[in-house]
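This briefing is intended for a reader who has the sequence and the structure at hand. Please keep both in view while reading the points below.

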Amino acid sequence: MAPVKVYGWAVSPFVARALLCLEEAGVEYELVPMSRAAGDHRRPEHLARNPFGQVPVLEDGGLTLFESRAIARHVLRKYKPELLGGGDLAASATVDVWLEVEAHQHHPAAGAVVKECVVSPLLGGAPDQAVVGENVEKLRKVLEVYEARLGQSRYLAGDLVSLADLSHFPIMRYFMDTEHAALVEALPRVKAWWEELAARPAARKVAELMPPNFGFSKKP
Amino acid sequence: MAMKVYGPAASTNVARVLVCLEEVGLDYELVPVDMTKGEHKSPAHVSRNPFGQVPAFQDGDLILSESRAISKYILRKGGGSHLLREGNLSEAAMVDVWLEVESGQFDSAMSPIVFQCFVVPMFMGGTTDMKVVEENLEKLKKSLEVYEARLSRFKYLAGDFVSLADISHFPMAHYLLVGPHASVIDAYPHVKAWIADIMSRPSVKKVTELMEAAIRMN
């Protein structure tokens with residue numbers, strides 16, 4: 001059987017999302033490395049896999065997929081459906097809700113902070129403090145909702161861990177290395193939820209591929 | 001008890017949910033939320049949508065937010081699962097891919113355009129920021145090039161079957177068609193035909209009327 005292949009650079013939180021799901025599901029896969037610096041994602045052979053020229057791409061048998069959350073859903077639907085709420089209508093709806101929350105509420109704010117505080121300096125720029133400030137406030141409000149939610153159930157979508165929780169891991173892995181990690185540290189349930197997430201064997205394995213400096217070499 | 005949707009029909013995210021209810025023919029009640037008066041931030045609404053947004057949705061004891069999550073629940077429960085293809089791994093995966101594209105590419109470019117061209121002048125007494133509109137029209141065109149190539153190969157986005165991935169585009173597509181930048185799709189004939197096909201669905205026509213009526217009231 002042809003192995004599952006993931007194309008991309010593992011430092012990308014989007015690629016890491018796909019890898020995390022494969023690790024959680026115990027699926028054998030091959031990570032096909034690509035170089036962002038060399039523009040591999042804009043070459044015709046990659047555009048044939050993802051016409052938007054982004055990573056990750058997943059190949060599973062004859063199926064070629066892009067968009068990390070779609071890849072995540074496919075991997076879990078096929079190999080570990082209990083992480084999507086199983087067949088239960090209400091449970092799967094609740095997983096879907098919190099996965100959408102991750103995408104629309106959490107990621108834009110946390111991602112903006114990571115971009116300004118981690119990526120910009122690595123590219124020789126300075127963080128835009130106005131953008132940082134705005135997004136730290138947005139994220140604070142979002143995490144306050146999470147704090148309340150985690151008072152009602154052990155995980156975001158209920159008492160069982162799901163893709164809704166896992167989907168947060170990649171960007172938070174980088175966010176927690178910034179000075180703004182204090183936001184999470186100040187919310188006891190969110191902090192405990194994050195620490196448990198990060199301690200999962202699958203998360204630890206994927207984090208090894210995600211150095212805090214995104215793999216950029218230090219400038220002299 | 002009928003399912004309840006909380007929010008104004010003119011909201012694209014509310015309309016997305018309404019079209020799924022119409023597709024499966026389930027009874028529902030549309031409960032208004034007056035956003036001009038800040039009702040979406042009221043304790044009652046926030047208890048249903050903790051981010052103070054619309055829509056919120058209730059089916060018995062189950063309360064949901066996020067329109068694409070609500071839409072999937074309605075389709076699964078109401079006999080509309082052919083629009084999700086969850087019985088077929090490959091097809092379901094393609095639906096998910098193009099639903100992510102709808103959200104991440106199409107909606108994210110259209111949303112600022114619609115905000116500037118409709119909400120700002122009609123509800124906020126302001127002037128359209130053309131720089132924002134132009135920037136996002138450029139993003140939209142880049143996405144539409146990809147859609148055009150895709151729809152030249154397949155009748156619909158996920159394959160030769162219509163799905164939630166297609167229908168999910170209709171609310172923003174509606175505002176594009178009735179707004180000042182409708183001609184942007186003329187350069188993409190397959191996209192134009194696909195939009196016309198989606199807009200001709202009885203469910204979409206019904207909800208479009210609700211959206212238009214809601215706007216006329218304001």
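What volume does the largest cavity have? In this predicted model, the volume of the largest cavity is about 50 Å³. The points below turn to the cavities, then to the contact between the chains, and then to the sheet of each chain.

**Cavities**

- Two cavities of 30 Å³ or more are found in the structure.
- The lining of the largest cavity consists of M110(B), I113(B), V114(B), C117(B), F118(B), Y175(B), L176(B), G179(B), P180(B) and H181(B).
- Two or more of these lining residues come from each of α4 (89-123) and α7 (170-178) of chain B, and α4(B) contributes the most, with five residues.
- Sorted by class, the lining of the largest cavity comprises eight nonpolar residues, two polar residues and no charged residues.
- The second largest cavity holds about 30 Å³ of space, and its lining is made up of H169(B), F170(B), A173(B), W194(B), I195(B), I198(B) and M199(B).
- For the second largest cavity, the elements that supply two or more lining residues are α7 and α8 (189-199) of chain B; the largest share, four residues, belongs to α8(B).
- The lining of the second largest cavity has six nonpolar residues, one polar residue and no charged residues.

**Contact between the chains**

- The size of an interface is often expressed as the accessible area lost when the parts come together.
- Between them, chain B and chain A bury about 2,600 Å², and 68% of this area lies on carbon and sulfur atoms.
- In chain B, the residues that lose the most area to chain A are F51(B), L89(B) and E100(B), which together account for 23% of what that side buries.
- Chain B brings 29 residues to the contact, and chain A brings 28 residues.

**Sheet of chain A**

- Strands of a sheet pair through backbone hydrogen bonds, in either a parallel or an antiparallel manner.
- In chain A, four strands make up an open sheet with mixed pairing, in the order β2-β1-β3-β4.
- The edge strands of chain A are β2 (29-33) and β4 (63-66), each of which pairs on one side only.
- Strand β1 (residues 4-8) of chain A runs parallel to β2(A) and is joined to it by five bridges; G8(A) is placed opposite P33(A) in β2(A).
- Helix α3 (residues 68-79) of chain A packs on the sheet and touches β1, β3 (57-60) and β4 of chain A. The direction of helix α3 makes about 25° with that of β3(A).

**Sheet of chain B**

- Chain B also has an open sheet of four strands in the order β2-β1-β3-β4, with mixed pairing.
- Why is one side of β2 (28-31) and of β4 (62-65) of chain B left without a neighbour in the sheet? These strands stand at the edges and have a single partner strand each, so one side of each lacks a neighbour in the sheet.
- Strand β3 (residues 56-59) of chain B pairs with β4(B) in the antiparallel sense over four bridges, and A56(B) is found opposite S65(B) in β4(B).
- Helix α1 (residues 12-24) of chain B packs on the sheet, where it touches β1 (3-6) and β2 of chain B. The direction of helix α1 makes about 160° with that of β1(B).

Conventions: Residues numbered from 1 in each chain as written. Chains lettered and ligands numbered in written order. Predicted model: local features only at pLDDT ≥ 70, side-chain atom pairs only at ≥ 80, totals over all residues. Heavy atoms only, no water. Pairing = 2+ DSSP bridges. Contact = heavy atoms within 4.5 Å. Axes fitted to C-alpha atoms, helices over the stretch in contact; angles between N-to-C directions. 1 Å grid on protein atoms, 1.4 Å probe; cavity = no way out; pocket = protein on both sides within 12 Å on 5 of 7 lines; lining within 4 Å. Points joined across faces, edges and corners; volume = space filled by probe spheres on them. Nonpolar A, V, L, I, M, F, W, Y, C, P; charged D, E, K, R; others polar. Buried area = accessible area lost by both parts, 1.4 Å probe.
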